[in-house]
Amino acid sequence: MNPIQAGSFLTLHYRLTGPDGADIVNTFDDKPATLSLGAGQLSPAIEARLIGLPEGAHERFELPAGEAFGERNPELLQRVKLSLLKQLGDPDETYHVGDVVQFPGPDGQGGYAGVVRELGDEALLFDFNHPLAGQPVSFEVKVIGVL
């Protein structure tokens, strides 16, 4: 049997749950996921727990607060001027607390998302932390194939 190692191509079912036990991602009721270990599709902390697992393994891991998606960083709470939002996106867009807004990356290649946390007359407060930053999560995996 092939154990999982860095760079392995995997077929697996997995479930990621938040601190309240609710599913965030669950492939067990649908098609399995395929991914390449180390390509950034899973957090490094989760990938590290997969290393060494053989085909057929069915495991569950508890990751303490902050390990899977980092600690919350207060510097990632930032105000963005409405004038900039109108320039980057739809000038007629109306924003609400809880909205997820996509921003272009500085190189124009990638992007990142922020959640509206507070509305203001001239700017909005965005949270650019990962939604699960600073929270414990559970990860269940059933390894189907390893290449």
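Which residue in β7 is the bridge partner of Val 100? The partner is Val 115. The model is predicted, so local features need pLDDT of at least 70 and side-chain atom pairs count only at pLDDT 80 or more, whereas totals for chains, interfaces and linings use all residues. Residues are numbered from 1 along each chain as its sequence is written, and side-chain values use heavy atoms, with hydrogens and water left out.

Helices (H or I, at least four residues) and strands (E, at least two) are DSSP runs, numbered from the N terminus. Two strands are said to pair if DSSP finds at least two bridges between them. β6 and β7 pair in the antiparallel sense over 5 bridges, and Val 101 stands opposite Gly 114 in β7. The two strands form a hairpin with 6 residues between them. In the turn, Gly 108 has a positive phi of about 80°.

Gly 105 lies in the loop between β6 (100-104) and β7 (111-119). Buried means under 20% relative accessible area, exposed over 50%, and partly exposed in between (1.4 Å probe, protein chains only). Gly 105 counts as buried because its relative accessibility is 13%. Contact means heavy atoms within 4.5 Å; not counting residues up to four places away in sequence, Gly 105 touches Gly 110, Gly 111 and Tyr 112.

The side chains along β6 alternate between two faces:

**The nonpolar cores**

A nonpolar core is a set of buried Ala, Val, Leu, Ile, Met, Phe, Trp, Tyr and Cys residues joined through side-chain atoms within 4.5 Å. The largest one has 23 residues, and those touching the most other members include Ile 4, Leu 50 and Phe 139. Two or more residues each come from β1 (9-17), β3 (33-36), α1 (44-50), β4 (58-63) and β9 (137-146). β9 gives the largest share of this core, 5 residues. A second, separate core of 10 residues includes Leu 82, Val 101, Phe 103 and Val 116.

Leu 50 touches Ile 4, Leu 10, Leu 37, Leu 42, Phe 61, Phe 139 and Val 141, residues up to four places away in sequence not being counted.
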